[in-house]
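Let's take a walk through this protein model together, one spot at a time. Keep the sequence and the 3D view open as you read.

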Amino acid sequence: MNAAERIQELKAQRKAIILAHNYQPPEVQDIADFVGDSLGLSQKAASTDAEVIIFCGVDFMAESAKILSPEKIVILPESDAMCPMSAMCTDLELGPMKERYPEAAVVAYVNTSAAVKALADVCCTSSNAVKVVGKIPQKLIIFVPDRNLGAYVQRFHPDKEILLWPGYCPTHHDISVREIKELQRQHPQAKVMVHPECIPDVIDLADNVSSTEGMIKYARTNEAMEFIVGTEVDMTYRLSKESPDKKFFPVPSAVCPNMKRTTISSLVRALETMSPEITLSPEIIEAARKPLERMMEIGHGD
Ligand code: SF4
């Protein structure tokens with residue numbers, strides 16, 4: 001029996017579902033039941049009757065799945081698959097900031113720990129952040145943890161004051177103007193899509209700024225046949241599957257090492273040992289669920 005067959009066998013025994021983020025290696029995407037962005041995957045997990053969720057992604061994503069499906073066993077196959085941007089904002093740091101600005105609303109990007117979400121008024125994703133900030137009544141916003149996404153949102157809401165937390169995604173933050181311009185020189189017909197976690201100067205070069213799922217829609221519906229993809233490199237694998245007649249050019253340096261930790265072997269091991277399991281206290285689950293639910297009410301349809 002090969003590894004893929006073993007995974008299928010164990011999955012059936014465990015009543016498990018395998019979810020993979022768009023940035024996972026191609027072989028992991030291929031074996032997953034669903035591939036998508038973090039929140040879409042968590043919502044998918046909550047709506048299935050699977051008892052076990054194997055989350056091929058990073059820590060905060062598996063935590064979100066647990067928050068939305070507390071009765072299910074959630075497993076992150078590689079426990080050291082941790083998002084450095086999420087780690088740049090802790091509950092111990094956010095607490096004093098909230099005390100300093102009691103009139104502010106805390107908007108937490110979903111790329112945060114459960115403990116940080118538990119302190120937030122509302123969560124947002126990269127696709128609904130502009131809408132969420134526009135819908136909340138507060139004029140003063142503490143936006144955590146991504147300063148690039150926060151600055152992008154600020155462009156659409158000049159009437160609001162957004163206090164930017166100094167976090168960033170190393171993978172997106174390091175995509176440079178020089179790299180995008182070089183790709184444009186090589187592929188002059190290509191449209192430029194970039195993720196809003198990129199720096200403002202890179203965003204200014206884009207034809208389209210969107211989340212990973214937004215990029216899939218843009219590429220599918222745009223009449224262009226070539227696209228420069230300003231996000232993690234393996235997004236081009238998913239894009240090529242969704243639009244096989246089109247060409248996608250990644251930024252070669254944009255690799256998230258934490259997204260590459262999960263392998264086929266770690267999936268087999270996770271299903272065999274049913275570990276490492278995500279555990280959160282009932283209090284944290286309860287508190288972190290509220291801002292996620294508020295986001296889903298506001299950002300419905302995003
Ligand atoms: S791509 Fe960036 S935000 Fe996503 S997991 Fe990697 S470091 Fe975190």
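Find Phe55, which sits in strand 3 (residues 52–56). Helices (H or I, at least four residues) and strands (E, at least two) are DSSP runs here, numbered from the N terminus. This is a predicted model, so local features need pLDDT of at least 70, side-chain atom pairs count only at pLDDT 80 or more, and totals for chains, interfaces and linings use all residues. Residues are numbered from 1 along each chain as its sequence is written, and side-chain values use heavy atoms, with hydrogens and water left out.

Is Phe55 buried or exposed? Phe55 has a relative accessible area of 0%, so it is buried. The cut-offs go like this: buried means under 20% relative accessible area, exposed means over 50%, and partly exposed is in between (1.4 Å probe, protein chains only). Which residues does Phe55 touch, leaving aside its neighbours within four places in sequence? The contacts are Leu19, Ser38, Leu41, Ser42, Met61, Ala62, Ala65, Ile75, Leu76 and Pro77, where contact means heavy atoms within 4.5 Å. Lys181, on the other hand, is 126 residues from Phe55 in sequence and 35 Å from it in space, C-alpha to C-alpha.

Some of the residues touching Phe55, including Met61, Ala62 and Ala65, bring us to helix 4 (residues 59–68). This helix is mostly covered, with 10 of its 10 residues buried. Helix 4 also packs against helix 16 (residues 282–298) at an angle of about 90°, with the axes 9 Å apart. Those axes are lines fitted to C-alpha atoms, for helices over the stretch in contact, and angles run from 0 to 180 degrees between N-to-C directions. The angle makes helix 4 roughly perpendicular to helix 16; angles under 35 degrees count as roughly parallel, over 145 as roughly antiparallel, 65 to 115 as roughly perpendicular and the rest as oblique. On the helix 4 side you'll find Lys66, Ile67 and Leu68, meeting Ile285, Ala288, Arg289, Leu292 and Met296 of helix 16. Sorted by kind, the residues of this contact are six nonpolar, no polar and two charged. For that sorting, Ala, Val, Leu, Ile, Met, Phe, Trp, Tyr, Cys and Pro count as nonpolar, Asp, Glu, Lys and Arg as charged, and the others, Gly among them, as polar.

Now look at another helix pair. The axes of helix 1 (residues 3–14) and helix 15 (residues 264–273) come within 10 Å and cross at roughly 30°. That makes helix 1 roughly parallel to helix 15. Here the contact involves Ala3, Arg6, Ile7, Leu10, Lys11 and Arg14 from helix 1, along with Ile264, Leu267, Val268, Leu271 and Glu272 from helix 15. Seven of these contact residues are nonpolar, none is polar and four are charged.

Next, the aromatic rings. A pair of aromatic rings is described by the distance of the centres and the angle of the planes. Rings of Phe, Tyr and Trp (its six-membered ring) pair if their centres lie within 6.5 Å; planes under 30 degrees apart count as stacked, over 60 as edge-to-face and the rest as tilted. By this rule there are three aromatic pairs. In one of them, Tyr152 and Phe156 have ring centres 5.1 Å apart and planes at 70°, so the pair is edge-to-face. These two are four residues apart in helix 9 (residues 147–156), so about one helical turn separates them. Tyr152 counts as buried because its relative accessibility is 13%, while Phe156, at 43%, is partly exposed. For Phe227 and Phe248, the centres are 5.5 Å apart and the planes at 20°, so this pair is stacked. It links distant parts of the chain, with Phe227 in strand 11 (residues 226–230) and Phe248 in strand 12 (residues 247–250), 21 residues apart. Ring pairs also join Tyr218, Phe227 and Phe248 into a cluster.

Finally, check the backbone. Most residues other than glycine have a negative phi, and most peptide bonds are trans. The bond from Val144 to Pro145 is cis, with omega near -10°, and another cis bond joins Ser275 and Pro276, with omega about -5°.
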